[in-house]
Amino acid sequence: MIVRNVLVTGGAGYIGSHACTELLQANYRVVVVDNLSNSKAESLSRVEQITGKPVQFYQADIRDKQALTDIFSREAISTVMHFAGLKAVGESCEQPLNYYHNNVYGTLVLVEAMRDADVKQLVFSSSATVYGESVHVQYTEDFPLGPINPYGRSKAMIEDILRDLSAADTISKVQNPWKIALLRYFNPIGAHESGLIGEDPNGIPNNLMPYVSQVAIGKLAQLSVFGDDYPTRDGTGIRDYIHVVDLVKGHIKAIAALQGERFNAGACRAYNLGAGRGCSVLEIIETFERVTGKKVNYKIAPRRVGDLAECFANPERAIMELDWKVEKNLDDMVSDAWNWQKKNPEGYV
Ligand SMILES: NC(=O)c1ccc[n+]([C@@H]2O[C@H](COP(=O)([O-])OP(=O)(O)OC[C@H]3O[C@@H](n4cnc5c(N)ncnc54)[C@H](O)[C@@H]3O)[C@@H](O)[C@H]2O)c1
């Protein structure tokens with residue numbers, strides 16, 4: 001069997017480490033480039049522990065063209081999974097330049113290095129934040145884009161750049177055209193069932209699930225639920241949560257799809273990766289309390305500016321074209337997140 005080498009940028013991070021695990025289990029060889037700005041190399045040791053297989057790790061920044069060129073010349077990479085980036089919406093409003101430099105410029109350097117090495121298959125971590133506000137609550141990929149913060153705009157700019165790259169190849173009918181899957185994630189939560197890898201936020205978590213776990217374990221005093229007067233079934237915001245293992249399985253399916261007929265002549269195509277159903281904040285809390293037997297101390301706080309009442313994915317395109325669907329439910333997401341939190345109360349330290 002031919003072993004294909006996949007370069008995983010940001011592979012030491014939350015989603016990247018789960019992707020490395022899934023790739024190794026699917027018999028790919030994994031090469032990681034990560035600057036460890038928001039992760040620890042320990043996550044990759046844990047990946048090796050779960051899979052019994054090695055990860056080739058390079059500690060480098062994707063904005064370092066020479067470092068990337070060296071990696072491409074040393075490793076016979078066939079495909080790149082691009083997770084490296086900054087991801088906190090609030091921080092992006094305070095530090096827009098940092099976000100555009102890291103995410104947009106970083107991706108430019110990466111795709112230049114890929115082009116120079118003639119590696120033109122890419123699976124990109126995009127986000128549901130690229131969508132604009134809509135009267136519809138279930139998003140399809142052809143909804144107008146209209147991100148409302150610098151983080152979302154950095155993802156939308158990268159999508160534009162990648163679409164332009166692909167279109168240029170199609171016009172000039174090159175032999176090895178760009179094949180690009182833009183995967184728009186909804187809200188990844190949960191952890192690997194082993195409890196060895198999971199989400200390890202720096203400082204106070206920005207996302208709901210790690211916040212809930214840290215309140216339950218006593219690291220944080222209280223969860224604030226922002227708004228209970230939305231026009232939803234219980235008044236709290238509704239989002240589409242997806243188990244991180246289901247999410248990364250979508251990436252493995254995307255690699256396979258890039259080899260298929262749809263991408264034969266080159267293409268850049270977006271796919272929603274979400275469960276296709278929404279859960280409210282109160283439903284998450286209730287599920288957490290039922291599954292773990294732990295109380296979550298919370299209070300109702302005012303709505304946050306910019307938060308929508310409800311949104312969730314229409315994942316039909318990924319189901320049809322990638323032959324992918326979610327397998328895990330909210331109970332699995334919550335119990336795996338808690339298993340990781342209990343086993344690693346201080347994260348990877
Ligand atoms: N977690 C989410 O809720 C979510 C939702 C939608 C999209 N995404 C996207 O998925 C990707 C992965 O997210 P995550 O939750 O695993 O985040 P993460 O912060 O855990 O992982 C990102 C990794 O990239 C590394 N990195 C950042 N900038 C880098 C650079 N310039 N050079 C090299 N490495 C760099 C970090 O050290 C980290 O290990 C990100 O692009 C993020 O925007 C995440």
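Two residues are in contact if their C-beta atoms, placed from the backbone, lie within 7 Å. The model is predicted: local features need pLDDT of at least 70 and side-chain atom pairs count only at pLDDT 80 or more, while totals for chains, interfaces and linings use all residues. Residue numbers start from 1 along each chain as its sequence is written.

Figure 1. Val244 lies in helix H8; helices (H or I, at least four residues) and strands (E, at least two) are DSSP runs, numbered from the N terminus. Val244 counts as buried because it has 27 C-beta neighbours inside 10 Å. A residue is buried if 20 or more other C-beta atoms lie within 10 Å of its own, exposed if 12 or fewer, and partly exposed in between, with C-beta atoms placed from the backbone. Asp336 is 92 residues from Val244 in sequence, and their C-alpha atoms are 10.0 Å apart in space.

**Figure 2. The largest nonpolar core.** A nonpolar core is a set of buried Ala, Val, Leu, Ile, Met, Phe, Trp, Tyr and Cys residues joined through C-beta atoms within 7 Å. The largest one has 95 residues, and those with the most contacts inside it are Cys20, Val30, Val32, Ala181 and Val212. Helix H8 (residues 244–258) contributes the largest share of this core, nine residues. Beyond four places in sequence, the contacts of Val32 are Val8, Gly11, Ala12, Cys20, Leu44, Val55, Gln56, Phe57 and Tyr58.

**Figure 3. The shell around the ligand.** The ligand has 27 residues around it, of which Gly10, Gly13, Ser39, Gly85 and Ser125 come nearest; a residue is near a molecule if its C-beta atom, placed from the backbone, lies within 6 Å of it. Helix H1 (14–25), helix H5 (96–116), strand S5 (121–127) and strand S8 (187–189) supply at least two shell residues each. H1 gives the most, with three residues. Nine residues of the shell are nonpolar, 14 polar and four charged. In this classification Ala, Val, Leu, Ile, Met, Phe, Trp, Tyr, Cys and Pro count as nonpolar, Asp, Glu, Lys and Arg as charged, and the others, Gly among them, as polar.

**Figure 4. Tyr14 in helix H1.** Tyr14 has its place in helix H1 and counts as buried because 24 C-beta neighbours lie inside 10 Å. Its C-alpha atom is separated by 22 Å from that of Ile71, which is 57 residues apart along the chain.

**Figure 5. Helix H7 and its cover.** Eight of the nine residues of H7 are buried, so that the helix is mostly covered. The buried ones are Leu208, Met209, Pro210, Tyr211, Val212, Ser213, Val215 and Ala216. Their cover includes S8, strand S9 (223–226), H9 and H11. After H7 comes Gly218, whose phi is positive, near 95 degrees.

**Figure 6. Packing of helix H11.** Helix H11 (residues 330–343) has 14 residues and reaches 20 Å from its first C-alpha to its last, close to the 20 Å expected at 1.5 Å a residue; the expected span is 1.5 Å times one less than the number of residues. Among the buried residues of H11 are Met333, Asp336, Trp338 and Trp340. The buried residues of H11 pack against S8, helix H7 (208–216), strand S11 (241–243), strand S13 (279–280) and helix H9 (281–292).
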